[in-house]
Amino acid sequence: MTVFKGRAWKFDDNIDTDQIYPGKYLPLTDKEEMGKVAMSGVEGFEDFSQRVSKGDILLAGGNFGCGSSREHAVVAIQYAGVSVVIAKSFARIFYRNAVNLGYPILESEAVDHIGQNDELEVDADAGLIRDLTTGEEFPCTTLSGLELEISKAGGLIPYLNKELEKG
Amino acid sequence: MGMTIIQKIIAKASGNEEVAVGDKLWCAIDLAAMRDFGGPNVVLDYREMFGDQPVKDPEKVAITFDLHLPARDTQVANNQKLLRDFADQTGVPLFDVETGVGQHTLLENGMVRPYDVIVGTDSHMNLLGAVGSFATGVGTTDLVAAMATGKLWFKVPETHKFVVNGTFQDQVGAKDLILHVLKDVGTDGLLYKAVEFEGPTIDAMDVAARITTMSMVTEMSGKIGLIESNDKTIEYLTEATGGPIEEWHADPDAPYVEERRYDVADIPPQVAAPHSPDNVVSVEDLLGTHIDQVFVGSCTNGRVEDLRAAAAILEGEQVDPGMRLIITPATQNVAKEAVREGLYNIFIEAGAIVTNPSCALCTIGHPGVLAEGDVTMSTSNRNFPGKIGKGGEIYLCSPATAAASALYGQITDPREV
Ligand code: SF4
């Protein structure tokens, strides 16, 4: 069972990868360093990585992670300490990158009804978000099929390694 | 039931007779490309996960340098060296700092064919749909997996059909069409979807115009855009690859989720205003807007046909005194052709800066960054906030509109110069 508990950080629609991980940091290859600049391209969130606590939850509107193909975007959010991203929808490459890294992402309309900083509990297997601050509950998607298998294996590479072993 | 082009490509790559929308299939990868951005992470991850294991098929991997070049600081230089060393060790072909934008370099070097499945660390890989391949931007992990195993999974997308009729007005072309379509479809209109363009206007397009059109499908969140072959694409590919090249078409009864029709006869030059590529208006609505800098280039509009369109307007003229006009050919081959045709003379005489082939001012990292509050016209594909400098504003347009605006230091209708 996968349950995440943390504070909600809310973002708008169309947060692109340049906002999640500004282009000037592209030459970085150290993941901890990458985590320190997560979300720093969003106005008002330049110091996000200092304010976020381990386990916190990122909530966003539609098309989260649009823009470039940089996997840095997922890695940065992960290393900043965010436990799960829940958006109305994800840009295709961001979604794929997250699955391949075994990083949890879920789709839900909940962002419209949850307050900034609310305490949340997310049951990723049941597809349920509980707002502990207001007591409200919202449905979210769960992973299924191939994406679930890849995610369960811990990402694409461990998944492929297992497949290769099987022959 | 017939199949769309993307279905045919995925069927072939996955070894199936037929595939249906929604199927998730493992496909053989024909080419996995990494760049100087993203590439170093790929190599580090590959080494971490697979150690010294040789790349499965070095011929099906390529490294292109197109973003930060030549290296501007030690970190970038080290990253490039890491890639050169990896190429030496593995036998993967590498196109070094002089060659230019990756997708165009791969195309010019005959490494792209119709029905190919190609992945790369750039979100605009899918412009290769212009020549009938399924190319898509991926992250580091996909690329590592493709290098190690030669396969990746894909979901067969639904396909939209956009039919385009009519003849362009003078000084109006592919970029104006695709901005017009983008306004209609929106930046998330094709999320997880494929699109095929067809109709007389598309039939008449050369490879460069098709590339411009397909490159902007990314801005609609499309997985891939495709255009069936015409004589010009077959001829181009035959020359680049040594041929023979098979035609590619959808079946007459292929399933489309939706069909839209466009007519280009009446569309004026189009401009995407800050800060979204679908924030598109007619150039007429922005006339006189002050511009500090103009960029002609990128994977979207960096071919010699694009440079010709700019040169036709700049010939014998001078850019506005306060104007910084930066022109970047997509590749070394484009640069050579532009020199042969005398386009460099025209640009330099007009007061432009012509830079080395690269992605240049498509994104931050190249000289030419905007000051806060500066405004640029760009032939690139994105105008997100901060894309080429915090506090800068970007208007997207065609090479003709960009060149005309450079002459007057303000947004200008290229039909009026
Ligand atoms: S010009 Fe821009 S979008 Fe095109 S390949 Fe280069 S960085 Fe990517």
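So, which side chain does the side chain of B:Asn301 join in a polar contact? The partner is B:Asp306, at 3.0 Å; a polar contact here is a pair of N or O atoms within 3.5 Å, and within protein one must be able to donate a hydrogen and the other to accept it, with residues adjacent in sequence counting only if both atoms are side-chain atoms.

Quick housekeeping. This is a predicted model, where local features need pLDDT of at least 70, side-chain atom pairs count only at pLDDT 80 or more, and totals for chains, interfaces and linings use all residues. Residues are numbered from 1 along each chain as written, chains are lettered from A and ligands numbered from 1 in the order written, and side-chain values use heavy atoms, leaving out hydrogens and water.

Back to B:Asn301. The residue sits in helix 10 (residues 298-301) of chain B, helices being DSSP runs of H or I with at least four residues, numbered from the N terminus. B:Asn301 counts as buried because its relative accessibility is 2%, the cut-off being under 20% with a 1.4 Å probe, protein chains only. Beyond its neighbours within four places in sequence, its contacts (heavy atoms within 4.5 Å) include B:Lys175, B:Thr212 and B:Pro399.

Now, B:Asp306 and B:Pro399 come up again where helix 11 of chain B meets helix 14 of chain B. Also in that set are B:Ala309 and B:Ile313 from helix 11, and B:Ala403 and B:Leu407 from helix 14.

How values were computed
Helices (H or I, at least four residues) and strands (E, at least two) are DSSP runs, numbered from the N terminus. Buried means under 20% relative accessible area, exposed over 50%, partly exposed in between (1.4 Å probe, protein chains only).
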